[in-house]
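Please open the model in a viewer and keep the sequence panel beside it. The stops below proceed from selection to selection.

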Amino acid sequence: MLWSGQSGNWLLQGLITTLELSALAWLLAVFLGILAGALRTVPFAPLRAIAVFYVEFFRNVPLLVWMFFWYFGVPPLLPRGVQDWLFNHGAEFWAAMFALAVYTGARMSEVIRAGILSIPRTQFEASVAIGLTTWQAYRLIILPVALRLIVPPMTNESLNLLKNSSVALTISVAELTFQTRQIETYTAKAIEALTAGTLIYLVLCLCIATVMGRLERRFAIPGLISRVDAG
Amino acid sequence: MKKVLTLVLLLAVAAVVAAPAVAQEGTLDKIKRTGVLTIGTRTGSPPFAYVDKQNNWVGFTIDLVEQFVVPSISKEVGKPVKLEKKESTPPTRIPLLTSNAVDLIAGTMTDTPQRRESVDFSLTFFYTGAQLLVKHGSPIKSVNDLAGKRVAAQQGATNAKIIREKFPQVQLREFPDQPAAFQALVQGQVDAYTNDGIQLYGLKAKAPKPDDWDVVGDFYSEEPYGMAMRKGDAKFKAAVDAGLKQALESGKYFDVYEKWFGAKSEVPYPMTPQVKTYLLKQVGK
């Protein structure tokens, strides 16, 4: 009965918001993660320091605080007119997206750094020896290999990102968890609403895990990752 | 194979039949066994229930429970009952109740027909209606001025629902708690904050500069506050109601009201004759 009428509509809207929020945040997080993860391994100290600062600062403060920071802390720094425009055009959504992306990006960068460090140092040295610049070595040799190695832990972070998106309800983003609570308010059917929300998250996470699993097999480098169950 | 299936089916049926039998210990029996009445209440809703400057958990609703409901229940179970308080917010209160984590929701919960499908309510112990809190000098004077404006509400509150249904042009922003919603109003994320009038007066009184804020508009909803309990527990409901009834009949209720909402209190909220009539009508006076 939750799938029909008003409640079903709300769940669907919540699902769409959750997906939009997570997808955008994921793209930005992966970008930030790769950037910071790579910078932490480059042979140039100031860049490493910036990356270390980013990672340690953002992953060690709770996500909830970041949500409040981007929503309550950032807008007052902007001119009044810009603030008003933002507040009329979904400031909550963008604040939540940035909070989620920057926070997850810091976590992902550690995964990526681990991937890069697992590649023997000699590969980098060999790339430089054949005349590649550092940038080229990372872009053509190091990152393509590292990214293939880190699919399983990245799956983990991606799932976390999806589930963490529910924190956005604290700054009034009408995502999935928000809508399940809304249904509870209107119908007082708390258990049903929670069950529906849980099932949707479960299905979403299983989908992501499946897609990432496929990706892993599709791009595996023979000999580097040996999956017992590959096939 | 067939035998196994039958066995599984039998077990499932047994579980379904047995589960309610185990869970159906009445609330009064539970209180008699444990000697404790657990209420779900608020920490940040002055003057109903809040933590004061001396770090005591106090308030109008808590006083009502302590002075009238607890004695009535003690009488019913035949032994003194201890009161235990737990934090419950609008999104968590019904789950807390249905999961037996608390026995009674005594905070600021509005008695609505939809909620009555899942929980039972005591007699009404307070009566208010939704209004708006705005910055002093704001052009917003009532709900009719809200078209296109950004309005904050509390998640799980009845007035958010009314705004959504009756004023669809309003850009509604829903926050989990009062402090976040008020912060959004202070910073200009929203143009107004809507909640039950008494809540807004409470917020205004607590604000660093109370004169910066105005409570505007007529009640655009009716919000009778009741204490909520698990559905179908007639004995427990009778005991809670008996306590409140005694308070109203003896007039002691109005002393407690005076303490929290009188002219000398922090949030003066004089009781209108209509509200008084409404409250007393419940006990046939």
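**Parallel strands in chain B**

Select residues 36-41 and 82-87 of chain B: strand 1 and strand 5, which pair in the parallel sense over six bridges. Two strands count as paired if DSSP finds at least two bridges between them; helices (H or I, at least four residues) and strands (E, at least two) are DSSP runs, numbered from the N terminus. Within this pair, B:Gly40 lies opposite B:Lys86 of strand 5 of chain B. This is a predicted model, in which local features need pLDDT of at least 70 and side-chain atom pairs count only at pLDDT 80 or more, while totals for chains, interfaces and linings use all residues. Residues are numbered from 1 along each chain as its sequence is written, and chains are lettered from A and ligands numbered from 1 in the order in which they are written.

**The five-stranded sheet**

Move on to the open sheet of chain B with strand order 11-10-12-9-13 and mixed pairing. Its edges are strand 11 (171-175) and strand 13 (213-216) of chain B, each pairing on one side only. On average, neighbouring strands are turned by 30 degrees against each other, direction ignored; axes are lines fitted to C-alpha atoms, for helices over the stretch in contact, and angles run from 0 to 180 degrees between N-to-C directions.

Inside the sheet, select strand 10 (150-154) and strand 12 (192-196) of chain B, a parallel pair with two bridges. B:Ala152 is bridged to B:Tyr193 of strand 12 of chain B. Next, display helix 8 (197-206) of chain B, which packs on the sheet and touches strand 9 (130-135), strand 12 and strand 13 of chain B. Contact requires C-beta atoms, placed from the backbone, within 7 Å. The direction of helix 8 makes about 30 degrees with that of strand 9 of chain B.

**The interface with chain A**

Finally, show both chains: 18 residues of chain A are in contact with 22 residues of chain B. On the side of chain A that touches chain B, helix 4 (80-88), helix 5 (91-117) and helix 9 (176-187) of chain A each give two or more residues. Which element gives the largest share of that side? Helix 9 of chain A does, with five residues.

Methods: Two residues are in contact if their C-beta atoms, placed from the backbone, lie within 7 Å.
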